[in-house]
Amino acid sequence: MTITDLSGEIRPGLWKYGDMYPDYQPRQIHAAPDTFFCEVFDGFNSQTGTYLETTAHFNGYEGQKLLEDYPLSRKVNLPCRILRLDIALSHTERPRITAEDFQKALKGVGLVPGEALLFSCGWEDWYSEDFLSCSPYLSRDAMVWILKQKPSLLGSDLPSWEKDEHVFELFSKTDTLMAAPLVNLRKPVSEHGLLTVLTPHLPGTCCAPARAIFVEE
């Protein structure tokens with residue numbers, strides 16, 4: 001059995017989705033003189049590092065399922081497929097991912113409805129200045145293709161999936177969980193395995209930092 005950690009490292013200087021998010025700054029404290037040491041994680045929020053979200057992140061909370069509404073069976077030991085896309089990465093513009101890119105990555109082996117689907121572009125440098133600004137993004141036809149496969153959970157190494165084709169409008173109409181951004185998606189030898197993505201037990205949230213683990217038998 002081989003276990004691969006798909007969660008990125010959280011440390012100062014971490015990327016963030018704009019100035020409305022505070023900077024991540026951990027600090028050490030102790031609860032008694034010279035003992036009981038621990039840390040306070042200033043700036044830690046729903047989208048610090050790798051996170052898991054429901055469609056309420058896009059749709060709003062009213063009438064929507066939150067993380068607590070999904071049983072552990074939707075997050076633990078999910079049959080999973082990793083697709084490694086052949087995308088020409090750029091540090092000056094955002095590459096567009098199409099349905100054809102996904103179809104090529106299948107290599108003739110179809111997906112199973114209900115399994116988790118992770119796709120990789122090899123875009124994993126969390127601490128580069130262009131991690132967000134030059135992230136590859138999904139075309140509308142790519143998201144249509146993905147949703148036709150009926151994944152129970154969708155994940156990727158991309159921090160920013162959308163540009164101007166409103167793909168989250170399509171995703172928001174599903175019951176699919178989303179995990180992003182992930183790392184090490186090109187390390188497993190096999191594209192098939194079991195995926196676990198767990199967050200802290202936080203009632204009332206649509207999105208929370210997560211640890212994602214891929215297991216190959």
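Colleague: How many positive and negative side chains does the protein have, and how far apart do the centres of the two sets lie?

Modeller: Lys and Arg count as positive and Asp and Glu as negative, while His and the chain ends are not counted. Each charge is placed at NZ of Lys, CZ of Arg, CG of Asp or CD of Glu. In this protein there are 20 positive and 30 negative side chains, and the centres of the two sets lie 5 Å apart. The model is predicted: local features need pLDDT of at least 70 and side-chain atom pairs pLDDT 80 or more, whereas totals for chains, interfaces and linings use all residues. Residues are numbered from 1 along each chain as its sequence is written, and side-chain values use heavy atoms, without hydrogens and water.

Colleague: What share of the residues counts as buried?

Modeller: Buried means under 20% relative accessible area, exposed over 50%, and partly exposed in between, with a 1.4 Å probe and protein chains only. Of the 217 residues here, 49% are buried.

Colleague: Which residues touch the most other members of the largest nonpolar core?

Modeller: In soluble globular proteins, nonpolar side chains tend to be buried together. A nonpolar core is a set of buried Ala, Val, Leu, Ile, Met, Phe, Trp, Tyr and Cys residues joined through side-chain atoms within 4.5 Å. The largest core has 39 residues, and Leu83, Leu85, Ile97, Phe102, Phe119, Leu138 and Trp161 touch the most other members.

Colleague: With which residues is Leu85 in contact?

Modeller: Contact means heavy atoms within 4.5 Å. Neighbours within four places in sequence aside, Leu85 contacts Ile97, Asp101, Phe102, Ala105, Phe119, Ser120, Cys121 and Arg186. A second, separate core of 20 residues includes Ala116, Leu153, Leu177 and Leu182.

Colleague: What does the C-alpha trace span along its principal axes?

Modeller: The C-alpha trace spans about 65 × 40 × 40 Å.
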